[in-house]
Structures are given as structure tokens and as C-alpha cells.
Amino acid sequence: MTGKSFKNDMSMMFIFHDALRRQLEQIARITAEATDDPRVILQASVGWELFKRYLHVHHGAEDDVLWPAIRPATQNLPNQLAVIEAMEAEHAIVDPGLNAVDAALADREGGPERLAMIVERLVGGLGGHLTHEEDEALAIVDEHCTPELLQRFGAEHQVRIGPGTPEYLPWLLQGASDEHIAIALGVLPEPVRAAYHAEWKPAYAARDIWGPKNGSTAA
């Protein structure tokens, strides 16, 4: 998962980041496809909406719970404070990037080349942010946080996901390694694990989230 050693369990951070990376790869593949108009495919898909939704869940929980709790401990540590401020600044440019993709999807005059260029910037910017967070910010979080803070951070994700766990969990774990799947499921109650295997995962796998929308994305 990572060559770094943490005193706190940072597994879910890496699991979520890897899910975002898989979705970014899929979005990039669609926009590079020459046989169909990627604007039509992305705009009509559930996958793009899920990507935006869960990205906002994660970044919102960091902005409202994690960074405000860590920032006071770094006030007299300028190098660490600069990293936390960079995390907040990098988050601030994500929404304009998503909005730019949405604008390109709605623009039937700009051509798919414009969309591909904007998606390339999103992939590079968000991918760079995830790597920056893993390489520098998580060590700072690990140094100053408590297990209770991480639990509150995780709980905030659940609050923001709401009743959508049957959709979120398969989204998070589709394409994940066996190690990541075992870690993510291992912290959940047995009834949730059973529902994931028996119902949620098969239902999600049967959907084509990158095809035309077929009803509500709410679980």
C-alpha cells in the first residue's frame, strides 16, 4: 500500500485515493475514445456523477473535520503548516476543474478535443494532489492526530454518504486489490459485509455506470 510507516491506521485514505485514481483512468479512457463522442457518454453516465459526489464527500470531510483539527498543531511548524495550507489550496481548485468538465460536456460546439484537454488537466491536478497528500500531508496528520479524530473523520464520510452505502461501498472497492477489500470490509459489521457480498456488489456489477443513466443513482 505504501512504504511509509504510520502509527495510526491510514488504510482508508489510500483505499479511497486509489478508487479516485481508477475513476480518473476511466474518465481519461472515455475522453480518448475516437469512435463515440465522449461528451455524450460522460454526460449521460452515472459514473461521472458518482465520481463527483464521492470526491466532494471526501474533500468536504477533510476540509471540515481533518484539516481544522490538524492546523492548530502546526502553527509553530511552518513547513508543516505550509503543507496543510497547500492541501486546502489544492482542494479549492478541484471544483472549478469539475465545473470546467461539465461546461465542456454541455458545449456541443467546442468539440471532444476541448473536453480531452480539460480532463487531462483534471487528471493531472487531482492526481498530483492525491500524491502530494500521501507523500507529505498524511505523515503530518499521523503525527498530530488521535484515533478519535480519525474515527470522527470516517464518521463524517458516512454522514455525507447518507443512505447511499449500498452504492458507495461497491464503487469504492470495484477493481481494488484483495488487500484493500479485506481491510475495508474488515472494519464493518458482519451484516454489512454479508449485504455487500450477497446484494450490493452483484447489483453494482450488473450496472453499466459509464453507460446511459437508468434511473436514480440513490440507493
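Where is the place of Glu167 in this structure? Glu167 sits in helix α8. A helix here is a DSSP run of H or I with at least four residues, strands being E runs of at least two, and the numbering goes from the N terminus.

Okay, some housekeeping before I go on. This is a predicted model, so to speak: local features need pLDDT of at least 70, side-chain atom pairs count only at pLDDT 80 or more, and totals for chains, interfaces and linings use all residues. Residues are numbered from 1 along each chain as its sequence is written, and side-chain values use heavy atoms, with hydrogens and water left out.

Back to Glu167. Is Glu167 buried or exposed? Glu167 counts as buried, at 4% relative accessibility. For us, buried means under 20% relative accessible area, exposed means over 50%, and partly exposed is in between, with a 1.4 Å probe and protein chains only. The side chain of Glu167 also has a partner: it makes a polar contact with the side chain of Arg207, at 2.8 Å. A polar contact is a pair of N or O atoms within 3.5 Å; within protein, one must be able to donate a hydrogen and the other to accept it, and residues adjacent in sequence count only if both atoms are side-chain atoms.

Now the inside of the model. A nonpolar core is a set of buried Ala, Val, Leu, Ile, Met, Phe, Trp, Tyr and Cys residues joined through side-chain atoms within 4.5 Å. The largest one has 42 residues, and among those with the most contacts inside it are Leu42, Trp48, Phe51 and Val101. Several helices give two or more residues to this core, including α1 (11–32), α3 (46–70) and α6 (112–144). Apart from it there is another core, of 20 residues, including Met10, Trp67, Val83 and Ile84.

Let's zoom in on Val101. Which residues does Val101 touch, not counting residues up to four places away in sequence? They are Trp48, Leu115, Ile118, Val119 and Leu122. Contact, by the way, means heavy atoms within 4.5 Å.

Next, Leu81, which you'll find in helix α4 (residues 78–92). Leu81 is buried at 12% relative accessibility. Leaving aside neighbours within four places in sequence, Leu81 is in contact with Arg71, Thr74 and Gln75. And have a look at Ile140: Leu81 and Ile140 are 59 residues apart in sequence, and 9.2 Å apart in space, C-alpha to C-alpha.

On to the rings. How many aromatic pairs does the structure hold? There are 7. Rings of Phe, Tyr and Trp (its six-membered ring) pair if their centres lie within 6.5 Å; planes under 30 degrees apart count as stacked, over 60 as edge-to-face, and the rest as tilted. Take Phe6 and Phe14: their ring centres are 6.1 Å apart and their planes are at 50°, so this pair is tilted. Phe6 is buried at 19%, and Phe14 is buried too, at 5%.

There's also a cluster, with ring pairs linking Phe16, Tyr54, Tyr168 and Trp171. Over the face of Tyr54 lies Arg53, at 5.8 Å from the ring centre. The rule for that is NZ of Lys or CZ of Arg within 6 Å of the ring centre and within 35 degrees of the ring normal.

Last topic: salt bridges. The rule is a side-chain nitrogen of Lys or Arg within 4 Å of a carboxyl oxygen of Asp or Glu, and the count comes to 13. One of them joins Lys52 and Asp102, with the closest N and O atoms 2.9 Å apart. Lys52 is in helix α3 and Asp102 in helix α5, so the pair ties together parts that are 50 residues apart in sequence. Lys52 is buried at 12%, while Asp102 is partly exposed at 26%.

Another bridge pairs Asp64 with Arg160, at 2.5 Å between the closest N and O atoms. Here helix α3 holds Asp64 and helix α7 (residues 147–161) holds Arg160, so the parts tied together are 96 residues apart in sequence. Asp64 is exposed at 51%, and Arg160 is partly exposed at 32%.

And then a local one: Glu190 and Arg193 meet in a salt bridge at 2.7 Å, N to O. Both are in helix α10, 3 residues apart, which means about one helical turn between them. Finally, salt bridges that share partners join Asp18, Arg21 and Glu134 into one network.
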